[in-house]
Structures are given as structure tokens and as C-alpha cells.
Amino acid sequence: MSSLWIETTKDEIQLNSLNGDEKTEICVIGAGLFGLTTAYYLSKYGKKVIVMDKDKIGEKVSGNTTGKITSQHELFYNYLINDYGEEFARKYLEANEKAIINIQKIIKEEQIDCDFEIKSAYVFAQKEDEVLDIEKEVKAVNKIGKKAEFVSEIKDFPLKIKGAIKFENQAQYHPRKYMLGLCKSILTKNKIYENTTAIEVERSGNNYIIHTDKGDIETEKIVIATHYPILNMPGFYFTKMYQSTSYVIAIETNQKLPDGMFISEKEPIYSFRTAKYNGKDILLICGLDHKTGEAIATNEKYKELEELAKKYYPDCKILFKWNTRDCISLDKIPYIGEFSSFMKGVYVGTGFKKWGMTFSNVSANIIVDEILEKENEYKELFNSKRIKPIKNRWKVKNMVVNTANNLVFDKFRIEPYRIEQIANDNGAIIEKDGDIIGVYKDAIGKVYAVKPMCAHLGCLLTWNNTDKTWDCPCHGSRFDYMGKNIYEPAINDLKTIKYN
């Protein structure tokens, strides 16, 4: 299932893979929004940069977002004030507001046609007892310097609301068209390689060697822009984040659509925005997130979104449906900056918690300033090496327990299927001769078998029958039914098994 963004730009760029060894000043691993924005700014400063991606440009997480460019990150500022103080909350808001301006500036300067539109953003409450939280958020946002408005109704919005907080001068766009515009600018001075997988990083004197499946890249500095960092140590980010999956459908309707971007306050979370398709406005409906890799009926998520769409737009036609995943830090603040004190000159940006449109720009500016040895007033907010008491201790406990329950040594607590129980076009874990095997049967009954232990840290995988993938409940890696790795933090493929 391709997203609207990927489907409407799938033939617009074809780049080569790395072919042999190269040397550069800075290598950016990952060609999504964060990686390309970083390379764009570095190119403008005259730096020699190579960008590499294991897949095609912007076709993973960045190509499957909703494309909302906003500083309104659900109800978040009252939380920030209470837990971190007014100055922290003000700077967090200011950094994301500047990102909106920066993106608009890039679009104008590079003349990128990406359906950029200024919109108002709303978080809405549907129940009376949720209104107090909206009112607190309005007060908090106004206190730290941005005008926020409480509204009791939203024109043409189909859901009945009890109240909402409104941010003006936010924006939306076509994220992959924007990324391709960044590529065009980068390629005038520097190089971008597709289908090139970083396998290992090692120190070589004052430089680093990135070993890939297509050759080695020697570089002075590295930016890890792979959504979830592909290096486990010494950063240990896999102990500080989890991944969340959410679902999107795009619908066409003859009914009038609301003008703005919208997200509900309480679970189940639903998000709405319009988009351009074939010269007409369509509506994106998103939400129903859950921890990536949970053993749930993911196809029911699309069904629920479609039922919601039909309820309010009975004539609607489903045009696209897709899902995406987001890295969420345990303290809800992204990690941006140096990857580790033990790897000087290696940088990371991750944990954007569903708001990567702005945070990709915030991160790029912080890291570019680090590389250029310039001060950045926001870097300490998102300090990637921070060591603080974790406020969300229950999340830590749940993640540790979940990881332990899925490690290799704990495999035989499951109750595996027999292969005869697996229907065609379905997958499950079976036991054979004392071993557990991940089996997928295609539509005609052909068997594809893998060892269902994640290539990252060995957690037991779960079968996702909607996408026909093996998903890791520990850290969110994903593999196709033939075992090919498609999402980090894992790099390697699964071991395949010849099944008779």
C-alpha cells in the first residue's frame, strides 16, 4: 500500500547506488526529511556531503506521514510548563515555530512546488470533561508567547465538539515533493545514493569508515538520520525509545471539507487534514496508533477508519491507505545532537514523536550549527546525551518487561500454530523438531519460512497480516515475508529456512 505522497511522485527521481569507495567531509545516513534537510543546509555552507539511503529517497517514514507542519503537538505545552518550566516550554514552541518559517523560506528560495498551504491547527475535545484540559492548554500557550484561541465550533468539521484550541499560521504540504526539491538543490553540489545499506561504522584515525553493501565511505563526520538509530552502542537509544504505528486513509467526497488541520484530544486519536489530488481537495483521516509489533489485527484499524469516514461522508471513496511509524522517547522530548561522548563527530536526530515535519528542520539546524561550531540556543533542550530522571517510569517498566518477554531465551512460552492451521495469504509461528519457524503462505499456498528472531537484538517477531511483514514488538524493526529488512533499527535480513 503506497501513500498518496509516494504514489503521486514515484517516477520523479532515479538515483544510482554507491559504486566503490569514496571519501567526503560529512556522510548523512538516511534520506528522509531530517537527512535531506541537514544535507541541504550543509551544501549551502559549501560542505562536501554524501547522502545515502538503503531504499529510495523519502519512501519510508518521511513518505508516509500526514505532512502537517505545526508547533501544535497535541496538548503538550501545559505538560512542558509543569514538568520543565516556562522557559523550556517557550523555547520548545519557538524552535518549532521557527521551523515553519524556515521550511516556507526553503520552498520559496528553491521554488519547490509542494502544495504548501498556510492552515490553522486545532486540538478538539468531544466530551465535556475534556474541555478543562483544552482551557489549560490555551492559557499555557498564551503564557509562553503565542496567541492561542479557545473555539466552541469549527465550520464544516463533521464531528461534534465541545471545544478546541486553535493555532493560526501553521501549514501543510506534500512531503515527498518537498524532499525531491531538497534533492534537486543538494545534487547541484553533492551526491545522493539510493539502495545503499550502511552495515558497520568504524574509527579510522581521525575519520570514520562506513562499510556499506556497495563500498566504503571514509568521512570526517556522520549524521545518523535513519529514523531509529542503526547503531546500538554506545548511544543505547534502544533503551530510551519505542516505536508507534498509526494508520491513514485518503478519501474523496462531494461534501464540503473543513479548512484546517485537526486532531482529537483523547484516545482513540483521530487526525484530519485536506490534501490535493488530481486538482481536487481530498481528506486524510489518520490515527488509531499502537506500539509497533503488538500482536493485533491491524486490518481492523483500516476498517475502523473507513467506518468513521462513511459515517460522516456516506458518498466517500477510499483512494489510498497506508501506515507509518514514529519514534517516541520516554520523556517525550526528541534526542538531537552528538550521538555519544565516545563517538565525536557523529550526530543523531530521533524521537520526533509524530511531529517530524518541524523537528526535521529543528534537528538539521542544531546539528549543522554543531558541525560548523556555532552556538544554537535550542540544543540543550533536546540534548541527545541527557541523563535525567525519567518521568514516565511506567513506560520504562512496560518496555523492559516487553523486551524481556520477547528475547530469544524466552521463545518457548508461546503456543505455536501447526502449519496446517495457517490459511493461504496468512502467516504465523509454528514449531518443528523443537525449533520455532515463522511461516507465511502466499495466495496459492507456497511457503516462505524464516527464523522469527529480530536481527537487531533477537526479540521474537509477530506477524502483521495487513502488510505481510514480520514486526518486532521490542524496538519496531520490520521485515517482509521473505525476511528482507525494511525498517530499522535492524540492518540485516532474517535467516531464511528451507521448509519441506
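The torsion about the S-S bond of Cys459 and Cys474 is about -100 degrees, so the disulfide is left-handed. The model is predicted: local features need pLDDT of at least 70, side-chain atom pairs count only at pLDDT 80 or more, and totals for chains, interfaces and linings use all residues. Residues are numbered from 1 along each chain as its sequence is written, and side-chain values use heavy atoms, with hydrogens and water left out.

The structure contains 1 disulfide (a pair of cysteine sulfur atoms within 2.5 Å). The sulfur atoms of Cys459 and Cys474 lie 2.2 Å apart. The pair links distant parts of the chain, 15 residues apart. Cys459 sits in the loop between strand S20 (447-450) and S21. Cys474 sits in the loop between strand S22 (469-471) and S23. Strands (E, at least two residues) and helices (H or I, at least four residues) are DSSP runs, numbered from the N terminus. Both Cys459 and Cys474 are buried (under 20% relative accessible area, with exposed over 50% and partly exposed in between; 1.4 Å probe, protein chains only).

Cys286 takes part in no disulfide, and the nearest cysteine sulfur, that of Cys327, is 16 Å away. Cys286 is buried, with a relative accessible area of 10%. Cys454 is also in no disulfide. Its nearest cysteine sulfur belongs to Cys472, at 3.9 Å. Cys454 is buried, with a relative accessible area of 5%.

Four strands form an open sheet in the order S21-S22-S23-S24, with antiparallel pairing (two strands pair if DSSP finds at least two bridges between them). Strand S21 (462-464) and strand S24 (485-487) are the edge strands, each pairing on one side only. The twist averages 35 degrees from one strand to the next (axes are lines fitted to C-alpha atoms, for helices over the stretch in contact, and angles run from 0 to 180 degrees between N-to-C directions). Strand S23 (residues 478-480) is joined to S24 by 2 bridges, and the two run antiparallel. Asn485 in S24 is the bridge partner of Phe479.

Overall, the chain has 9 helices and 25 strands. Its C-alpha trace spans about 65 × 55 × 50 Å along the principal axes. Of the 500 residues, 59% count as buried. Among contacts (heavy atoms within 4.5 Å) with a separation of 6 or more, 70% come from residues 24 or more positions apart.
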